[in-house]
Amino acid sequence: MGTEYWNGAEAAHRRVMMKAAGYSDKDIRRKPHIGVPNSYMAGSPGSAHLRQIAEAVKEGIWAAGGIPVEFGIPATCGNIANGAEELKYEQVGRDIVAMSVEFVTRVHNFDGLAMIATCDNIIAGCYLAAMRLDLPSMVITGGSMQPGRYCGKTVVEADLDSARFSGAQEEELMEMEDSVCPSFGACPSMGTANTMQMLGEVLNLVLPGTSTIPASDNGKLRKAREAGKYAVELAKTGRKPSELITKETLQNAIMFDLAVAGSTNAVLHLLSYAYELGIRLTLEDFEKYADEIKCINAVIPSGLYTVVDFHYAGGVLNVMKMLEGKLYTDVPSMYGCPWSEILSRVKAQENKVIHSLENPLSNEPGLKILRGNLSPNGAIVRPTAVYDEVKYMKGKAKVFDGDREAFEAIQSGKIVPGDIIVIRYEGCKGALV
């Protein structure tokens, strides 16, 4: 790619298409073409604000001497499909997002990518696309949502489910609905969306210190503009994911995920990234670090705080500083310098949200690999989100071939207190059968 693709008589037909879309001849011939995949979608707070972020990214690309070429990519909200048959498409949606970015990028021959995403498998798919394409790439996150307030308490979307299962009447639920999600951004607990936004910094795909800026903080726009500028710098220097994401980088991501008690889905994504990069990574890598990295992050469901609190408590860089003695800090960062150089400028701030390894929030790791007769190849659990009273239990197993079947059993009263629900055939392959 590069300017040679757009110069010469043989490029006339390509240039005329770009000119017809409004780009000037000088820009087409001389400037790096930066693809801007935007996962804007009006039906979710995690993506409904991304048009404004995209405009800031494009301004930064223009200012740094590049051409931004924005295009849309699929976006869904897992909370819309929650409890419905359509939820089975969520995991495969990651690969659809990756393929969408790959398809447009291959056809239009971009020199680099500045992808915009927030939620669950959408942002995970953008990371996957970066690794498949192996072009200079970065992701600009949509940030986290402000927590809601209801009856004088902090509430998140999961509290609505708790109220419903506790027997709250429709009038009370309606009041909570109006309060639970008060702003744009990813739901402010340690779900997949915020976990993957944070991991983007560790994976050298998101500008350090920017992943968890709340969507309501105008610093998000300033950093989006800065990211657009840096996307052009990446394209000019040619730094690619294959150079920036080593096995040690992935191991740093594992240690970070354990420390913050991130989403169990992150394990699936990290294993997929390793596969795309030709790096051997297995559940044994997670088991190894679980013995030494305890949870230090007091964000819901492991603690009382939100990702907004996490950001203002020092965010990803503060966690990495706490882990500095364990991390591979000689690996490259997005800026080209080793991570040790970035962390040398970070001051550790132990506080009520982010603890130190010496004074962890819990003596358990944030994630754990379980093995046994129910899952001989391994299962993933977040110990800090499991109540002590259910860590050891005995009961009658009731087995279902799909979560819909289990849901219907619960609704019809076939499940009684003390039963243990086992759901099978719900993995990435089984759910779509």
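The predicted model holds 20 salt bridges. Side chains of opposite charge can pair when their charged atoms come close. One of these bridges joins K58 and E70, with an N to O distance of 2.6 Å. K58 lies in helix 3 (residues 50–63) and E70 in strand 2 (residues 67–72), so this bridge ties together parts twelve residues apart in sequence. K58 is buried, at a relative accessible area of 16%. The value falls under the 20% limit, so the residue counts as buried. E70 is partly exposed, at 33%.

A further bridge pairs R132 with E102. The closest N and O atoms are 3.8 Å apart, a separation within the 4 Å cut-off for a salt bridge. R132 belongs to helix 6 and E102 to helix 5 (residues 90–108). R132 is partly exposed, with a relative accessible area of 24%. E102 is also partly exposed, at 22%.

E284 and R371 form another salt bridge, with the closest N and O atoms 3.2 Å apart. E284 sits in helix 14 (residues 283–290), R371 in strand 7 (residues 368–372). The pair therefore ties together parts that are 87 residues apart in sequence. E284 has a relative accessible area of 45% and is partly exposed. R371 is partly exposed as well, at 40%. Elsewhere, salt bridges link E364, K368, D388 and K391 in a network.

A nonpolar patch lies on the surface and is formed by Y387, V390 and M393. Together these residues have about 340 Å² of accessible area. Y387 is placed in the loop between strand 8 (375–381) and strand 9 (397–400). Its relative accessible area is 62%, and Y387 is exposed.

Attention now turns to the interior. In soluble globular proteins, nonpolar side chains tend to be buried together. The largest nonpolar core here has 81 residues. Y127, L203 and Y273 touch the most other members of this core. Helix 6 (residues 120–133) supplies the largest share, ten residues. Beyond its neighbours within four places in sequence, Y127 is in contact with V139, M196, Q197, G200, L203, L205, V206 and Y273. A second core is separate and has 22 residues, among them A54, V57, I61 and L221.

A124 also lies in helix 6. The residue is buried, with a relative accessibility of 0%. Setting aside residues up to four places away in sequence, A124 touches R94, M196, H269 and Y273. M196 and Y273 are also among the contacts of Y127. I80 is 44 residues from A124 along the chain, and the C-alpha atoms of the two are separated by 18 Å.

An α-helix has 3.6 residues a turn, so residues three or four places apart point the same way.

G185 is placed in the loop between helix 8 and helix 9 (192–202). This glycine is buried, at a relative accessible area of 1%. Its contacts, leaving out neighbours within four places in sequence, are P45, G46, H49, T118, G142, G143, S144, M145 and A215. A48 lies 137 residues from G185 along the chain. The C-alpha atoms of G185 and A48 are separated by 8.5 Å.

Conventions. Residues numbered from 1 in each chain as written. Predicted model: local features only at pLDDT ≥ 70, side-chain atom pairs only at ≥ 80, totals over all residues. Heavy atoms only, no water. Core = buried A, V, L, I, M, F, W, Y, C linked by side-chain atoms within 4.5 Å. Buried < 20%, exposed > 50% of the residue type's maximum accessible area, 1.4 Å probe, protein only. Helix = DSSP H or I, 4+ residues; strand = E, 2+ residues; numbered from the N terminus. Contact = heavy atoms within 4.5 Å. Patch = residues over 30% accessible without salt bridge, like charges linked within 9 Å, V, L, I, M, F, W, Y side chains within 5 Å. Areas by Shrake-Rupley, 256 points an atom, 1.4 Å probe, with all protein chains shown as cover. Salt bridge = Lys/Arg side-chain N within 4 Å of Asp/Glu carboxyl O.
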